[in-house]
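Morning, everyone. Please bring up the structure on your screens, and we will walk through it together.

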Amino acid sequence: MLRAQGLVGSLVYFDGQHNDARMNAALAVTAAAHGAVVANHVEVTSLIKDTVDGIERVRGAMVRDNETGEEWAVKARSVINATGPFSDAILKMDDPTMADIVAPSSGVHLVLPSYFSPKNMGMLDPATTDGRVVFFLPWEGGVVAGTTDTLCSVEADPKPSEKEIEWILSEIRRFLSPDVKIRRGDVLAAWSGIRPLVRDPKAANTKDLVRNHMIHESDSGLITIAGGKWTTYREMAKETIDHAISLHSLKPLRDCQTENVRLIGSHAWSDTMFIKLVQNFGIDLEVAKHLAHNYGDRAWAVCALADHAGVQSQRIHPLYPFVDAEVRYAVQYEYALSAVDVIARRMRLAFLDAQAARESIPRVIELMAAELKWDDKRKAKEARKALVFLTTMGLPDSILDEQP
């Protein structure tokens, strides 16, 4: 598939890959299983302070449930700000004069059909026209290509620009054979993520960005962990909690255990588990492999929900292995409260194929409505919110003028 002209050589290296939506959900439910209180769609509105020896100290936060509008106070001896690109918003609740520590950077990714890449081999080009790196990798049954690195503002649902999408496509075309035509219409989904690159406000040169992550301690005792990446998330968490223990003289019952804690779904998983799913539930092979890969041993619970419903679990879209029972499972066991939660943050369908996600919205809402007792007004609201979200995943704004 590569362009033949100008080839000199290459090297092959091995890297890790994961479905970060499923990883995030697994972390949340594992934390809950170990005693954490997990709340979804809850926003910090202000910090609670008291004065100790003439110094204001953070002692908790006021929070709001954005689903119900209910507000309440959460008191704590130590408050940790671990909000990624939104870190500065929390820091300014503590000290409005605080300089920004986050330098948000937009990274745009595209998803293309699977036939554009070999199944187990990707491509990375460090010699693009402007010096940025572009990659082209098999991912979750499709091909993910990216990425850009552009300074941006912080927003909950950033949109990829057409300029960024076209840059990625043009760079890919440079190293593929002219026989392999990649068109704008081949893009199944396009999204922008915000990297929370950080500056250390206590460093001599505050313009320099911290390469990995940074723990910042405010005068009020607020601890901020910012920067970092998935590959170091556990170490970041350990360092942050250790810092809180030291700063606030906390008395933990034991040392950090997370290095040996298995995430929910991993205990009874095996790479041949999908065979038993086929044998026990009669689901097709592609669905069985998908469930085993993305849920681990919790795939048994997902399949049991399909059986409990009295019908064979159906795909929510004919082109993808996502099934009805996953929607029920997301609501019952993974805190899913909106259609967007399901199509983007539990299933990943919106990130793989935005149009397929759009076509799946009515079925997802129907299933969620049965679980959460939604009326017609709430179902219409969810459909609208889902369409708005999909305009950030590569679909045109014109879909908002149409019925879902």
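**A walk through the model**

Let's start with a loop. T147 sits in the loop between β8 (142-146) and β9 (150-151). What kind of peptide bond joins G146 and T147? It is a cis peptide bond, with omega at about 0°. Keep in mind that this is a predicted model.

D53 lies in the loop between β1 (42-52) and β2 (55-65). D53 is not a glycine, yet its phi is positive, at about 55°. Is D53 buried or exposed? Its relative accessibility is 78%, and exposed means over 50%, so D53 counts as exposed.

Next, E140. Find E140 in the loop between β7 (134-139) and β8. E140 also is not a glycine, and its phi is positive, at about 50°. The relative accessible area of E140 is 26%, which makes it partly exposed.

On to a sheet. Which strands form it, and in what order? The order is β4-β13-β12: 3 strands, an open sheet, mixed pairing. β4 and β12 stand at the edges. Each has a single partner strand, so one side of each has no neighbour in the sheet.

Take the pairs one by one. Strand β4 covers residues 80-81, and it pairs with β13 in the parallel sense, over 2 bridges. There, N81 has T224 in β13 as its bridge partner. Strand β12, residues 213-217, runs antiparallel to β13, and 5 bridges join them. Look at M214: its bridge partner in β13 is A226. Then look at I215, which stands opposite I225 in β13. A reminder on strands: in a regular strand the side chains alternate between the two faces of the sheet.

Why is β13 described as largely enclosed by the rest of the structure? Count its residues, 223-227: 5 of the 5 are buried, so the strand is largely enclosed.

Now look at what lies across this sheet. Helix α2 lies across β4, β12 and β13, and runs at about 160° to β13. Zoom in on L91, which is found in α2, residues 87-94. The relative accessible area of L91 is 2%; buried means under 20%, so L91 is buried. What does L91 touch, leaving aside neighbours within four places in sequence? It is in contact with N81, M98, I101, H216, S218, L222 and T224. Now compare L91 with I215. They are 124 residues apart along the chain, but their C-alpha atoms are separated by 13 Å.

Last stop: two helices. Helix α11 covers residues 354-372, and helix α12 covers residues 376-390. How do they pack? The angle is about 155°, and the axes are 10 Å apart. Over 145 degrees counts as roughly antiparallel, so that is the label for α11 and α12. Their crossing is right-handed.

Which residues meet there? From α11 come A354, A357, R358, I361, I365 and A369. From α12 come K379, E382, A383, A386, L387 and L390. Sort the residues of this contact by type, and you get 9 nonpolar, no polar and 3 charged.

That's the tour. Thank you.

Definitions and conventions: Residues are numbered from 1 along each chain as its sequence is written. This is a predicted model: local features need pLDDT of at least 70, side-chain atom pairs count only at pLDDT 80 or more; totals for chains, interfaces and linings use all residues. Side-chain values use heavy atoms; hydrogens and water are left out. Buried means under 20% relative accessible area, exposed over 50%, partly exposed in between (1.4 Å probe, protein chains only). Helices (H or I, at least four residues) and strands (E, at least two) are DSSP runs, numbered from the N terminus. Two strands pair if DSSP finds at least two bridges between them. Axes are lines fitted to C-alpha atoms, for helices over the stretch in contact, and angles run from 0 to 180 degrees between N-to-C directions. Angles under 35 degrees count as roughly parallel, over 145 as roughly antiparallel, 65 to 115 as roughly perpendicular and the rest as oblique. A crossing is left-handed if the near helix is turned anticlockwise from the far one by less than a right angle, and right-handed if clockwise. Contact means heavy atoms within 4.5 Å. Ala, Val, Leu, Ile, Met, Phe, Trp, Tyr, Cys and Pro count as nonpolar, Asp, Glu, Lys and Arg as charged, and the others, Gly among them, as polar.
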